[in-house]
Amino acid sequence: MHYFHWIAGTILALAWFSRIVDAAIGMPSVANISKPEWDRRPGAHPGNPRVSIIVPARNEEDDIEQTLTRLLELDYDNYEVIAVNDRSTDRTGEIMDRVAALRVRDGNVRLRVIHHSDLPAGWLGKTHAMWTAANQATGDWLLFTDADVVFKPDSLRRAIAYAEAGRADHVVLFPQMVMKRPGEYMMIAFFQTMFVFGHRPWKVADPKAKDHMGVGAFNLIRRSTYNAIGTYEALRMEVLDDMKLGKVVKNAGFAQRNVFGDNLISIRWARGASGVVNNLTKNFFAVLSFQWPRTLISAFGLAFLNLAPFLGVFLAHGWERLPYAIALGSMFSIYLGMSWRSGVPAYYFLLHPVSTALFIYTLLLSMFHALWNDGIIWRGTRYPLEELRKGMV
């Protein structure tokens with residue numbers, strides 16, 4: 001047991017400490033476009049480049065009106081909004097049409113609405129909606145966003161200014177996560193901790209690194225780049241379409257950037273801890289390529305990485321506790337850093353074991369549901385597991 005604690009503790013200390021050092025050095029290099037220097041117009045063109053904003057929506061009657069209204073109030077003079085009603089069974093399509101009609105009456109013809117009543121074989125509903133809209137888009141840039149994202153008026157202008165100045169081909173703007181319940185703070189804090197641990201946002205701009213990024217709330221991509229990677233047709237069966245868009249862009253050698261923006265865009269991703277569990281149940285198994293051995297190994301890895309430092313501090317004796325304490329200190333430092341950006345108080349670190357257990361439960365639940373149903377059920381549509389596996393990038 002003596003040697004076990006030293007070996008396990010040292011592994012954990014090195015894993016967490018090396019990541020916090022890496023983050024401390026690299027994170028300042030990630031731009032924040034909410035700063036004053038990006039409050040400008042794009043300077044590379046006589047006029048602003050045209051942007052097509054694409055909003056797929058299925059059963060989003062609670063949020064779609066606010067999202068479209070905010071998009072139509074952007075302080076950018078050369079853009080269009082294409083909203084796709086993807087087979088909704090609620091009032092989403094009706095609300096889209098009403099918003100569009102009101103804007104036409106007021107002289108604003110930026111919004112077009114597309115209604116889908118059927119889904120072709122071999123497509124996910126969302127990827128098909130985005131592909132269809134992109135085929136009708138007229139922009140030099142395409143911005144793929146979600147139906148529940150709230151945009152500030154200067155968000156697009158700042159993002160385009162940054163993209164043009166840096167000659168980027170794909171820009172990801174991290175949204176501000178709106179959190180109102182303790183369960184949301186706890187679960188989103190854990191999710192962000194693992195995201196930083198696994199994806200290294202500061203490495204995305206490095207063409208030599210494999211790190212890539214994509215966020216459904218704000219994927220801004222040059223039209224020429226989008227066409228070069230095969231459009232969304234290449235991702236037609238990808239559950240994780242946002243991240244996989246980033247992956248194919250990076251693998252193709254295009255310039256990818258991710259940026260902070262404080263509250264330039266915001267989203268309430270889930271309501272309570274149960275809401276986070278429900279949202280992730282759909283796609284957690286997809287993260288592990290729908291492979292149950294990888295999922296079980298990952299569940300064990302999550303437990304070891306996140307629970308063992310807490311257990312080790314109590315179970316070890318004397319100096320054996322030191323490496324576990326270093327791991328915990330590094331973990332707390334990540335929470336402290338996140339508290340400055342995301343608004344999650346650093347003391348939610350104390351609930352890290354609880355959120356770890358819930359995430360492992362969600363991972364196993366996602367696997368169980370997919371295997372039991374031989375596929376995933378997403379917004380009322382079932383997608384067979386065999387097709388999902390074949391369609392993975």
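Glu60 and Arg379 join their side chains in a salt bridge, at 3.0 Å from N to O; the term stands for a side-chain nitrogen of Lys or Arg within 4 Å of a carboxyl oxygen of Asp or Glu. Glu60 sits in the loop between strand E1 (51–57) and helix H2 (64–71), and Arg379 in the loop between strand E11 (375–378) and strand E12 (381–384), so this pair ties together parts 319 residues apart in sequence. Keep in mind that this is a predicted model, where local features need pLDDT of at least 70 and side-chain atom pairs count only at pLDDT 80 or more, while totals for chains, interfaces and linings use all residues. Residues are numbered from 1 along each chain as its sequence is written, and side-chain values use heavy atoms, with hydrogens and water left out.

**Salt bridges**

- By this rule, the count is 21 salt bridges.
- Glu60 counts as buried at 12% relative accessibility, while Arg379 is partly exposed at 39% (buried is under 20% relative accessible area, exposed over 50%, partly exposed in between, with a 1.4 Å probe and protein chains only).
- Arg268 pairs up with Glu184, with the closest N and O atoms 2.6 Å apart.
- That pair links Arg268, in the loop between strand E10 (265–267) and helix H9 (272–287), to Glu184 in helix H6, 84 residues away (helices, H or I with at least four residues, and strands, E with at least two, are DSSP runs numbered from the N terminus).
- Both Arg268 and Glu184 are buried.

**Nonpolar cores**

- The largest nonpolar core has 92 residues, and Val51, Ile53, Leu68, Val81, Leu156 and Leu220 have the most contacts inside it (a core is a set of buried Ala, Val, Leu, Ile, Met, Phe, Trp, Tyr and Cys residues joined through side-chain atoms within 4.5 Å).
- Helix H6 (residues 182–199) supplies the largest share of this core, 9 residues.
- A second, separate core of 19 residues includes Ala137, Phe144, Leu245 and Val249.

**Strand E8 and its neighbours**

- Strand E8 (residues 219–222) is covered on both faces, with Asn219 and Ile221 buried on one side and Leu220 and Arg222 buried on the other.
- E8 pairs antiparallel with strand E4 (residues 141–144) over 4 bridges (pairing takes at least two DSSP bridges between two strands).
- Leu143 stands opposite Leu220.
- Strand E6 (residues 170–173) also pairs antiparallel with E8, over 3 bridges, and Val171 has Leu220 as its bridge partner there.
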